[in-house]
Amino acid sequence: MFFSLSEPSGSSDPSADGPQQNLASSAEAQGGSPGPSAPPTNGGSGAPAPTLGPTETPSLVSDAELEPEELAEARRYGRLQRKCLLADRAIDLVYWAVAALLLAQPVERFLASVELLAQSDRFRLIALFTVLFLFHAAVSLPLAFYAGHVVEHRFGLSRLSALRWAGRYGKQLILALLLTLLVVVGLFWIIRGTGLWWWAVGAGAFFLLSVVMGQLAPVLILPLFYRVEKLDRPELLDRLRRLAEGTGLSLEGIYRLDLSVETVKANAALAGLGRTRRVLLGDTLLEHFPPEEIEAIFAHEVGHHVHRHMAKMLLIGLAVSAASFFICDRLLAWWVGLGTAGPQMGWPGQVTPEPAGLAYQEFPVWAMPMVFFLLVVLGTLTGPALNALSRWHERQADWYALKRTGNPASFCRAFRRLTRLNKEDPDPPRWEVVLFHSHPPIRERLALAEQFPQERHEAPSSA
Ligand SMILES: [Zn+2]
């Protein structure tokens with residue numbers, strides 16, 4: 001679980017097609033250009049606003065409104081990202097349809113010619129999904145490279161060489177493969193073992209996996225990609241401590257993340273569960289934003305913590321996965337006759353149907369890609385609703401930040417700076433927001449701050 005400040009450019013996330021979200025996707029999807037010396041784009045009017053606090057930060061990005069040419073550039077970048085995202089989703093849907101309907105059976109037959117794999121359904125399942133996953137990686141590699149490296153490079157946003165981009169992408173693929181295998185083997189075992197109720201048991205198991213991954217992600221997975229270290233600016237920590245007071249978020253949990261190793265873009269996130277709960281501030285953010293704006297952004301992340309957004313998303317995830325697995329079960333009954341043969345479980349007094357189809361206990365290896373395909377389709381269909389919920393959470397966190405800091409001016413300056421640095425289209429097309437965005441457009445977030453009642457402009461005293 002990873003709550004970031006702004007929209008990730010997730011078009012090249014290699015695991016976004018699986019039922020499990022890549023925890024590092026938020027910052028992992030950008031590509032790169034060589035050298036850490038690329039200057040931040042100080043577009044348009046380069047001078048910092050006169051209201052800035054004491055400058056601990058020598059390279060502030062301008063907080064002025066975007067100049068027309070900057071806006072045009074952000075729109076061009078947004079259009080390219082949009083095309084990549086649509087192409088990526090289309091490739092996923094088509095690929096997994098082909099894999100389920102055309103590839104699964106012949107590939108499984110081929111694998112069964114290996115003695116070890118012929119004997120073990122589980123090993124054959126692992127081999128089948130490894131093959132299908134690698135085919136998928138090969139099919140989507142050109143787009144991933146284009147979206148993650150070429151485009152980011154073209155807009156001067158990345159700091160990775162092609163080789164280092166490939167290294168990080170390879171690492172993501174390995175993680176995604178391991179997670180996919182874990183989910184697929186687990187579901188297969190649950191379908192065979194629990195029969196009619198597999199969808200409920202499967203949703204419960206998926207929920208537990210999400211909780212465990214939520215706890216492990218910031219301490220095990222994030223450090224594979226970034227250096228994560230405690231924030232070491234005492235005067236800033238002092239200010240942030242005051243904002244976190246009384247919220248249950250400990251000061252121990254404020255970390256600096258070296259996003260600059262791969263990108264120019266700034267970001268922040270709330271990550272982890274329980275004892276691994278922490279606020280991550282990108283070094284790109286710490287470097288280019290004055291303290292009162294870092295406060296506004298930090299307060300936004302505290303807002304996610306106070307509103308318990310992660311717990312809510314986990315519970316909604318449980319409901320959504322139970323519903324998805326149940327629909328998947330009914331579709332499999334219609335498609336391959338799943339559950340229409342063999343001993344039945346579940347319903348008391350159920351009449352045994354005609355033995356034409358498949359028993360749950362004999363659920364075949366080749367049918368698992370169908371399950372996967374159906375979950376990709378259902379994930380695509382439920383995406384807009386989950387995104388709407390996420391945008392609602394983001395608005396709550398924004399409102400919390402405004403209330404907590406009582407400083408809408410800094411909030412607005414921070415978002416204008418962020419727009420410039422990240423070259424984010426402040427006002428993308430509505431359909432794109434509805435389908436894909438987990439965060440409201442910047443234009444709306446600024447409008448929210450303008451709604452903030454003037455009399456509330458006071459020192460942070462009450463939450
Ligand atoms: Zn947020």
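Me: At roughly what angle do the axes of helix α7 and helix α9 cross?
Reply: This is a predicted model, in which local features need pLDDT of at least 70 and side-chain atom pairs count only at pLDDT 80 or more, while totals for chains, interfaces and linings use all residues. Residues are numbered from 1 along each chain as its sequence is written, and helices are DSSP runs (H or I, at least four residues) numbered from the N terminus. With axes fitted to C-alpha atoms over the stretch in contact, and angles running from 0 to 180 degrees between N-to-C directions, α7 (residues 234–244) and α9 (residues 291–306) come within 10 Å and cross at roughly 35 degrees.

Me: How many nonpolar residues does the contact of α7 with α9 have?
Reply: Residues are in contact if their C-beta atoms, placed from the backbone, lie within 7 Å. The contact is made by L236, R239, L240, L243 and A244 of α7, together with P291, I294, E295, F298, A299 and V302 of α9. Counting Ala, Val, Leu, Ile, Met, Phe, Trp, Tyr, Cys and Pro as nonpolar, Asp, Glu, Lys and Arg as charged, and the others, Gly among them, as polar, the contact has two charged, no polar and nine nonpolar residues.

Me: Which residues outside its sequence neighbourhood does F298 touch?
Reply: A nonpolar core is a set of buried Ala, Val, Leu, Ile, Met, Phe, Trp, Tyr and Cys residues joined through C-beta atoms within 7 Å, where buried means 20 or more other C-beta atoms within 10 Å, exposed 12 or fewer, and partly exposed in between. In the largest such core, of 46 residues, F298 is among those that touch the most other members, along with L280, L281, L285 and F411. Leaving out residues up to four places away in sequence, F298 touches L240, L243 and V279.

Me: Against which helices do the buried residues of α14 pack?
Reply: In α14 (residues 442–451), I442, R445 and A449 are buried. They lie on the same side of α14 because the directions from the helix axis to their C-beta atoms cover an arc of only 60 degrees. The face turned away from that buried side carries the exposed residues A447, E450 and Q451, whereas the buried residues pack against α11 (368–405) and α12 (408–422).

Me: Is K423 buried or exposed?
Reply: Most residues other than glycine have a negative phi. K423, in the loop between α12 and α13 (430–436), is not a glycine and yet has a positive phi of about 50 degrees. With 24 other C-beta atoms within 10 Å, K423 is buried.

Note on methods: Helices (H or I, at least four residues) and strands (E, at least two) are DSSP runs, numbered from the N terminus. Two residues are in contact if their C-beta atoms, placed from the backbone, lie within 7 Å.
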